[in-house]
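Hi,

Here is the structure I promised to pass on.

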Amino acid sequence: MGILSCLLYPDIYQCNHMGNFAVFENLMKSGDELEPPREVKHWLYFKNMKMLKQFVQAIKKHDFSLADESVDVEEDGRYLLSISRIDSVNIASINEVTDMLVELSETYDGDYDGWETVVIHRSDGI
């Protein structure tokens with residue numbers, strides 16, 4: 001790839017940040033307070049169960065837990081894993097979390113696929 005294509009096409013982290021911002025905007029439009037920590041659920045895909053299990057051991061060191069005890073097998077043969085952790089969802093915090101998950105998942109031949117959470121209004125409290 002030449003220099004021009006590197007400037008025109010976002011890398012995996014930039015693409016991830018754009019996705020994070022889209023979720024962030026939806027939370028803001030819904031009146032979310034954004035700062036209160038809450039459960040954030042993340043999805044990742046792995047090509048084989050061995051790498052998925054190694055990834056699970058690695059993310060437990062970062063206080064993540066399995067959001068679903070079962071692992072789904074997709075039509076293309078990839079394994080879908082759902083993990084969660086209590087985090088703030090302001091843009092700086094969520095970018096830091098997802099960058100770490102992108103990097104760690106790549107170490108185990110996986111692909112990070114995004115996150116979701118519940119909307120928290122000021123009146124909801126925590």
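Predicted model: local features only at pLDDT ≥ 70, side-chain atom pairs only at ≥ 80, totals over all residues.

α2 itself has 18 residues and reaches 26 Å from its first C-alpha to its last, close to the 26 Å expected at 1.5 Å a residue. At its N-terminal end there is a cap from Asp-11, with a side-chain oxygen 3.0 Å from the backbone nitrogen of Tyr-13.

Which residues of α2 are buried? Asn-16, Asn-20, Phe-24 and Leu-27 are. They sit on the same side of α2, because they cover an arc of only 80° around the axis. The cover over the buried residues of α2 includes α4 (91-107) and β5 (110-117).

Buried or exposed? Asp-32 counts as buried, because its relative accessibility is 8% and the cut-off for buried is under 20%. Its side chain makes a polar contact with the side chain of Arg-38, at 2.9 Å. Neighbours within four places in sequence aside, Asp-32 is in contact with Leu-27, Arg-38, Val-118, Val-119 and Ile-120.

On to the strands, where β4 (residues 79-87) is worth a look. Seven of its nine residues are buried, so this strand is mostly covered. Its pairings go like this:

- β1 pairs with β4 in the antiparallel sense over nine bridges, and Leu-44 stands opposite Leu-81 in β4.
- β2 (residues 65-66) pairs with β4 in the antiparallel sense over two bridges, with Leu-66 opposite Ile-83 in β4.
- β3 (residues 72-73) pairs with β4 in the antiparallel sense over two bridges, and here Asp-72 stands opposite Leu-80.

β3 and β4 form a hairpin with five residues between them, and Gly-77 in the turn has a positive phi of about 90°. In the loop between β2 and β3 you'll find Ser-70, which is partly exposed with a relative accessible area of 47%. From Ser-70 to Leu-80 it is 10 residues in sequence and 9.2 Å in space, C-alpha to C-alpha.

Last, the charged pairs. How many salt bridges are there? The count comes to six. One of them joins the side chains of Lys-47 and Asp-109, at 3.7 Å from N to O. Lys-47 lies in the loop between β1 and α3 (49-60) and Asp-109 in the loop between α4 and β5, so this pair ties together parts that are 62 residues apart in sequence. Lys-47 is exposed at 54% relative accessible area, while Asp-109 is partly exposed at 35%.

Another salt bridge runs between Asp-76 and Arg-78, with the closest N and O atoms 2.8 Å apart. Arg-78 is partly exposed, with a relative accessible area of 25%. Asp-76, Arg-78 and Asp-111 are linked in a network of salt bridges.

Cheers

Conventions:
Residues numbered from 1 in each chain as written. Heavy atoms only, no water. Buried < 20%, exposed > 50% of the residue type's maximum accessible area, 1.4 Å probe, protein only. Polar contact = N/O pair within 3.5 Å; in protein donor to acceptor, adjacent residues only side chain to side chain. Contact = heavy atoms within 4.5 Å. Helix = DSSP H or I, 4+ residues; strand = E, 2+ residues; numbered from the N terminus. Pairing = 2+ DSSP bridges. Expected span 1.5 Å × (residues − 1). Arc of directions from axis to C-beta. Salt bridge = Lys/Arg side-chain N within 4 Å of Asp/Glu carboxyl O.
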